[in-house]
Amino acid sequence: MDDFDAEKAGDDRREETEMRWTRPLLIAGLWLAAPGAQAQLLPAPGAGTLGGVGQIVPDTLDRLGGIVDQSGLDRLSPARLADRLAAARTARIDALLRQHGEAVELDDRREPARRGIILLTGADAAAIDKLRAAGYGVERIEAEGIDMAITRLTVPDGQSLARALRSVRKIAPKAQASADNLYFPSGAATEGRSATLAGHGNVGRGAAGLIDGGVAAHPALAGVIEQRGFVAGAPRASAHGTAVASLIGGSGRVKGAAPGTPLLVADVYGDDPAGGSSFAIVRALGWMAARGAKVVTISLVGPDNPLLAGAIRLVRDKGVMLVAAVGNDGPAAPPAYPASYPQVIAVTGVDGRGRLLPEAGRAAHVDFAAPGADMMAADMDGGRDKVRGTSFAAPLVAGRLMAGGSVEALRREAKPARGKGYGAGILCETCRNMD
């Protein structure tokens with residue numbers, strides 16, 4: 001066995017060991033997570049889930065929810081809350097891998113990503129030739145609107161994504177290589193019957209952008225809405241996207257923070273089991289920059305990703321203001337992205353008493369808080385329903401940013417809050433549609 005074969009064999013043994021010790025097991029209703037994590041008795045998916053989007057695609061996007069009962073979160077100690085949320089996230093990812101292992105695998109950081117795909121920027125011609133010679137499929141792509149050249153590599157058969165990433169970084173050390181990581185909605189909304197997409201014409205420059213699932217037709221969404229899909233089967237109406245859209249530009253019984261605001265909607269989920277990927281989000285950002293979006297809301301969370309970070313810098317340089325939710329994995333979870341990028345306005349959620357949601361995640365910074373519980377948003381059946389999560393705080397801040405025109409205006413508007421974690425204060429405190 002030569003040195004290269006020995007290294008590959010060692011990688012395989014390490015990956016097998018890591019998978020055995022980091023993947024949870026479901027035994028008699030108990031999710032057993034990594035060593036040292038407390039076993040959790042979790043309710044069945046679909047009943048009172050936290051951070052979920054429900055059935056956008058049957059049996060596919062249940063993975064987007066953290067399987068945690070919302071009741072009693074306020075009464076848990078910080079340690080118990082952290083354990084429960086961590087177990088839920090582990091269970092969510094494990095369920096995704098078991099149900100859609102043909103489309104999803106873990107990268108070298110144990111983060112979920114599109115199977116067999118590596119995204120590369122900054123690779124020269126010599127490096128590309130070496131990658132082809134090593135068996136990688138190579139596709140060069142120009143992202144619309146942001147002048148970003150992307151090389152999408154297909155991993156050779158039989159090679160794991162984690163090992164391939166290490167190999168690519170050795171072959172092309174001057175390039176930025178990353179997995180096509182997946183990003184999950186950060187709030188719960190109930191799916192309904194509607195499958196009709198909202199759409200009332202072409203949106204002009206200066207609209208609000210929304211990167212999420214598709215948006216359903218709804219009486220509250222009477223403004224101009226234009227939708228485009230960035231994965232297979234998109235655009236497709238979703239409860240999460242519809243609720244978020246209503247909190248930006250809704251009017252009537254479901255009033256958003258900037259009623260009637262025209263919306264550009266990018267569906268990055270569609271029918272794709274590996275939807276919500278960094279590549280889809282980057283393409284959506286480029287489209288919105290090209291269309292002259294003023295503010296873009298991203299109520300999705302996931303890991304740091306070099307491709308996404310670069311696209312966000314380029315979009316921000318074009319004057320697009322970005323708002324993102326901090327997620328619902330709890331304050332003990334790692335910082336969430338894209339909210340943690342310095343170019344992004346990071347938003348956390350508060351309940352009806354102005355308290356930070358116990359499940360609210362964290363980012364490298366928090367800029368503002370807004371309602372994320374004890375509130376209503378548009379549902380899929382033309383009515384409204386309760387929603388919960390930092391997903392629904394972010395669009396309220398985005399709407400106020402559309403109305404005020406600047407971050408400075410938001411700071412003047414924000415209500416000061418006692419304690420840490422609220423950023424500059426609470427915005428749109430009465431934007432709950434509870435009357």
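Predicted model: local features only at pLDDT ≥ 70, side-chain atom pairs only at ≥ 80, totals over all residues.
## Confidence

The chain has a mean pLDDT of 84. Of its residues, 82% reach 70 or more. Residues 1-9 stay under 50 in pLDDT. For that stretch the model has five contacts beyond four places in sequence. Residues 11-69 also have pLDDT below 50. Here the model shows 136 contacts beyond near neighbours in sequence.

## Annotated active site

Which residues does UniProt list for "active site"? The unreviewed entry lists Asp212, His240 and Ser391. They span 180 residues in sequence, yet no two of their C-alpha atoms are more than 10.2 Å apart, so they gather at one spot.

His240 sits in helix 5. Its relative accessibility is 0%, so His240 counts as buried; the cut-off for buried is under 20%. The side chains of His240 and Asp212 are joined by a polar contact of 2.9 Å.

Ser391 lies in the loop between strand 21 (384-387) and helix 8 (394-404). Ser391 also has 0% relative accessibility and counts as buried. Leaving out residues up to four places away in sequence, Ser391 touches Pro185, Ser186, Gly187, His240, Val244, Ser299 and Ala325.

## Helix 5

Helix 5 covers residues 239-249. How many of its residues are buried? The count is 11 of 11, and the helix is mostly covered. The buried set includes Ala239, His240, Val244, Leu247 and Ile248. Glycines are buried here too, among them Gly241 and Gly249.

The N-terminal end of helix 5 is capped by Ser238. A side-chain oxygen of Ser238 lies 3.1 Å from the backbone nitrogen of Gly241.

## Nonpolar cores

The largest nonpolar core has 46 residues. Which members touch the most others? They are Ile211, Val268, Leu285 and Val296. Helix 6 (residues 278-290) supplies the largest share of this core, nine residues.

Val296 has contacts with Gly209, Ile211, Leu285, Met288, Val320, Met321, Leu322 and Val323, leaving aside neighbours within four places in sequence. Two of these partners, Ile211 and Leu285, are themselves among the core members that touch the most others.

## Aromatic pairs

The whole structure holds two aromatic pairs. In one, the rings of Phe230 and Trp287 have centres 5.7 Å apart. Their planes meet at 55°, so the pair is tilted. Phe230 lies in the loop between strand 12 (225-229) and strand 13 (237-238), while Trp287 is in helix 6. The pair therefore ties together parts that are 57 residues apart in sequence. Phe230 is buried, with a relative accessible area of 5%. Trp287 is buried as well, at 3% relative accessibility.

The other pair is Tyr337 and Tyr341. Their ring centres are 4.8 Å apart, and their planes are at 55°.

Terms used: Residues numbered from 1 in each chain as written. Heavy atoms only, no water. Buried < 20%, exposed > 50% of the residue type's maximum accessible area, 1.4 Å probe, protein only. Helix = DSSP H or I, 4+ residues; strand = E, 2+ residues; numbered from the N terminus. Polar contact = N/O pair within 3.5 Å; in protein donor to acceptor, adjacent residues only side chain to side chain. Core = buried A, V, L, I, M, F, W, Y, C linked by side-chain atoms within 4.5 Å. Contact = heavy atoms within 4.5 Å. pLDDT = per-residue confidence, 0-100. Phe/Tyr/Trp six-rings, centres within 6.5 Å; stacked < 30°, edge-to-face > 60°. UniProt positions renumbered as here; feature names shortened; annotations may be inferred.
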